Amino acid sequence: MKICYLPGDGIGPEIMAQALRVLDILAADGIKIEREEGLLGGAAVDAAGSPYPESTQKLARAADAVLLAAVGGPKWDVLERPLRPERGLLGIRKDLNLFANLRPAILYPELANASSLKPEIVSGLDILIVRELTGDIYFGEPRGIALENGKRVGRNTMIYSEDEIRRIARVAFEAARKRSRKLCSVDKMNVLETTQLWRDVVIEVSADYPDVELSHMLVDNAAMQLVRAPKQFDVMVTGNMFGDILSDEASMLTGSIGMLPSASLDEKNKGMFEPCHGSAPDIAGKNLANPLAMILSTAMMFRYSFADEATAARIETAVKAVLASGLRTGDIYEADTRRVSCSEMGDAVVANLKR
Ligand code: IPM
Ligand code: MG
């Protein structure tokens, strides 16, 4: 197994270092993973003049999986758009055809009080958001800001073909089959034709999955229901932009976005694995970041790209044990727990894996 790892910007290198220590422990137990470091985002702009340089394209294409920490920061926000770190992220997603983004939002019982919602609303929460990742208004053409009749006009295009909808719907139905066989598709068909097609195609695909209970919800209502009664959901499937927004919302149900991993997969389950959170420039370089979403992303890599459920579960069990022992980084800290640094959290996970 060969992976390419991309530390990126901000807190990226700090949390990646902890994930690499986890891989070291596994290697000592005979789970051999060849790894090569690549540049992505602002770090790549600084070193190679592009947020997704050719050297990284080669590494990422040749690897069996990609681990990514985070990209972006105020330093690069002034650059023209094609040079911004976020373009590197969108570029690698598109280049590797990672159309299926799986974002689980799981509440660890120890963190029930870290959520801004009442514990009884979120306890036991376990949602999987399946977000389409290579289409929609993120990539649609035409786009841009133009001068028309002396006035500036901004334009983006929401567009989905039926094939794009069908393949993400299949991923979602398959995921629902492995869970509680309930799927909620989120759209805005009362206003947007693109999402009328979304609903039509999801209904067509559902004919192949009579064992999965399909429901539909408009995105505004879904946003409201996620904070009103989130446990009504199991698997949710939606487009790129709605999925971006709803997955951030779902993350806060679990207490901290610092806990949430994600997988972005192609048709063959080759994937890129990254935390849902960003590069947190405000705490970068201070050894304060929560490395658990990065470490849990590594677990997802074993589960989805290497079909190694045992190793995935082993990493997740170590993370749960560390939480149960009362260690917390600042983002999930509360009274009567012990506040630790990023590397101390890594130490604890590593110590647990060694047992
Ligand atoms: C995410 C992020 C990215 C997105 C940004 C950084 C381009 O918010 O992965 O959710 O919008 O997809
Ligand atoms: Mg986002």
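Predicted model: local features only at pLDDT ≥ 70, side-chain atom pairs only at ≥ 80, totals over all residues.
## Ground rules

Local features need pLDDT of at least 70 and side-chain atom pairs count only at pLDDT 80 or more, while totals for chains, interfaces and linings use all residues. Residues are numbered from 1 along each chain as its sequence is written, chains are lettered from A and ligands numbered from 1 in the order in which they are written, and side-chain values use heavy atoms, with hydrogens and water left out.

## The sheet

Helices (H or I, at least four residues) and strands (E, at least two) are DSSP runs, numbered from the N terminus. Two strands pair if DSSP finds at least two bridges between them. Ten strands make an open sheet with mixed pairing. Their order is β2-β1-β3-β12-β11-β4-β5-β10-β8-β9. β2 (34-37) and β9 each have a single partner strand, so one side of each lacks a neighbour in the sheet. From one strand to the next, the twist averages 20 degrees.

β5 (residues 126-132) and β10 (residues 235-238) run parallel, joined by four bridges. In this pair, L128 faces V235 of β10.

## Strand β12

Buried means under 20% relative accessible area, exposed over 50%, and partly exposed in between (1.4 Å probe, protein chains only). Five of the five residues of β12 are buried. In a regular strand, side chains alternate between the two faces of the sheet. Both faces of β12 are covered. G271, F273 and P275 lie on one side, M272 and E274 on the other.

β3 runs parallel to β12, with three bridges. Here V66 stands opposite M272. β11 (residues 261-265) runs antiparallel to β12, with five bridges. Here S262 stands opposite E274. The hairpin of β11 and β12 has five residues between the strands, and N269 takes a positive phi near 70 degrees.

Helix α1 (residues 12-28) has 17 residues. The expected span is 1.5 Å times one less than the number of residues. After α1 comes G30, with a positive phi near 95 degrees.

Contact means heavy atoms within 4.5 Å. Axes are lines fitted to C-alpha atoms, for helices over the stretch in contact, and angles run from 0 to 180 degrees between N-to-C directions. Helix α6 packs on the sheet. It touches β4 (100-106), β5, β8 (182-187), β9 and β10. The direction of α6 makes about 165 degrees with that of β5.

## A buried arginine

R199 lies in helix α7. It counts as buried, at 16% relative accessible area. Leaving aside neighbours within four places in sequence, R199 contacts D187, M189, H216, M217 and L218.

## Rings and charges

Rings of Phe, Tyr and Trp (its six-membered ring) pair if their centres lie within 6.5 Å; planes under 30 degrees apart count as stacked, over 60 as edge-to-face and the rest as tilted. The count comes to three aromatic pairs. F173 and Y209 are stacked, because their centres are 4.8 Å apart and their planes at 10 degrees. They sit 36 residues apart: F173 in α6 (residues 162-177), Y209 in the loop between α7 (193-206) and β9 (213-218). F173 is buried at 0%, and Y209 is buried at 4%.

A charge sits over a ring if NZ of Lys or CZ of Arg is within 6 Å of the ring centre and within 35 degrees of the ring normal. The charged end of R167 sits over F99, 4.1 Å from the ring centre. R339 lies over the face of Y333, at 4.3 Å from the ring centre.
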